[in-house]
Amino acid sequence: MAIKDYYIEHGYVVIEKAIPLSKIDLFLDSYEKIKTNPLFVYFSQSIQRCVRVELTQQGYIKESMENASRLAFFPEFSKRIQDCIYDPCVSDVLSTIDGYSEHISWQNMFFDKSTGTIEHQDSWYLDTNPPGNLIGAWFSLEDIQENCGSFFVCPRSHKLGLVDRKEYPTHEKFIQKIMSFSSEERLEKKPMYLSKGDLLLWHPFLVHGAFKCQDDTLTRKSFTSHFYPRACKPKKTKRGKLLSIYWQDHDHPKKTFNPQIFTSYRLNDYFYNIMLYALFIKTELKLTGKTFSMRRESYHKS
C-alpha cells in the first residue's frame, strides 16, 4: 500500500532507513560529550521543568529534552539534531502524505530512555486550525528492543474522533477521557520495534504513547518532532508562565538548511538558552507553579 494511503487508513506509517546512519552516529557522538557536563541545562518535556542532566545507574539521561535543537550554548549537539530531523527525506515524506511542499517544525524532543508516556492525542497540545493537518514524526536512533518502553500507536484510532480541548480544558480531564476512551473502544496498543534510521509518522488524532520501561539496561534513543504545512494556520493554545519559553512566531517562520522545512521560534536561540538557565534557577528555588506530567506512572502504576 502506498505511503499516503496507508497513513490515511491506519493513522500512521513507517518509512524504513529514512535517516542516514552516519548522521545518527554523529549525533550519538556529540551526545556522549554533553551528558556529563554539569552546565548542561534543558527543558524536559516529560515533567515540564528545566533540569540539569540526571543520569541513571546505567549512565543514561533520565528525562527527555524538548527543543534540544535550540541549545545554542552546545552548538555541535544541536546541529546534529537538526541534521536528522530536517533531513530531505523527512520533507519528501511529509509532502507525499499531505501534498504541501513546505512545512514548519513546531518543536522537537530527544529521548535517551523511555519516559513511559501516557496515551494521548497530539491535537490537544498542538495542531492546525482547523485541526487535523499536524503530522507527528518519531525517529529511531537505535534498534528498538522489547521491554525498553517502546513507543506505541493505536491503529485507526484517528478515525474515532477528537477529544477536544474545549470540552476537556485541563490536562487531568483530558488524560482521564483518553484512558476511558481507550478502554471503551478496546484500542490495540501496537509497539513500534523500529530499526535504527527508521521514521514513524502519525496523525494528530491518533492515540499513541509509550510503555513503561521493563529493563533498566535498555535505552530507547529517539527524536520526535511535529510538523504542519506552512500554508496552514496553527491552533492557538493557552500556556502557563513557565511555558512562555515556547513563544512562537508562526507568521514569520525561519529557514533551516532544508528549503522545504522552517521553524517558528520567536526567540533568538541564545536568548532562549538564557531563559532556560533563569527558569532552572527559579525551579531550584521552588518558585515555579504546578506543572503537568506526561509520565505514565503519574496517572497509574501499570
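Keep in mind that the model is predicted.

Most peptide bonds are trans, and most residues other than glycine have a negative phi. A few spots here go the other way. The peptide bond from N129 to P130 is cis, with omega near 0°. P130 itself sits in the loop that runs between β6 (128-129) and β7 (135-140).

Then there are two residues other than glycine with a positive phi: N67, near 55°, and R186, near 50°. You'll find N67 in the loop between β4 (65-66) and α3 (75-85), while R186 is in the loop between α5 (171-184) and β9 (190-191). Are they buried or exposed? N67 has a relative accessible area of 1%, so N67 is buried. R186, at 76%, is exposed.

**Helix α2**

Helix α2 covers residues 21-34, which is 14 residues, and spans 20 Å from its first C-alpha to its last, close to the 20 Å expected. Its buried residues are I24, F27, L28, S30, Y31 and I34. As for what the buried residues of α2 pack against, the partners are β4, α3, β5 (103-111), β7 and β12 (222-229).

Two of those buried residues, F27 and Y31, also belong to an aromatic cluster together with F40, Y42, F74, F77, F110, F139 and F223.

**Aromatic pairs and charges over rings**

The model has 20 aromatic pairs in total.

| Pair | Centre to centre | Angle between planes |
|---|---|---|
| W106 and Y228 | 5.5 Å | 65° |
| W124 and Y125 | 5.1 Å | 75° |

W106 lies in strand β5 and Y228 in strand β12, so this pair ties together parts that are 122 residues apart in sequence. Both W106 and Y228 are buried. In the other pair, W124 is buried at a relative accessible area of 3%, and Y125 counts as buried at 15%.

How values were computed. Residues are numbered from 1 along each chain as its sequence is written. This is a predicted model: local features need pLDDT of at least 70, side-chain atom pairs count only at pLDDT 80 or more; totals for chains, interfaces and linings use all residues. Side-chain values use heavy atoms; hydrogens and water are left out. Helices (H or I, at least four residues) and strands (E, at least two) are DSSP runs, numbered from the N terminus. Buried means under 20% relative accessible area, exposed over 50%, partly exposed in between (1.4 Å probe, protein chains only). The expected span of a helix is 1.5 Å times one less than its number of residues. Contact means heavy atoms within 4.5 Å. Rings of Phe, Tyr and Trp (its six-membered ring) pair if their centres lie within 6.5 Å; planes under 30 degrees apart count as stacked, over 60 as edge-to-face and the rest as tilted.
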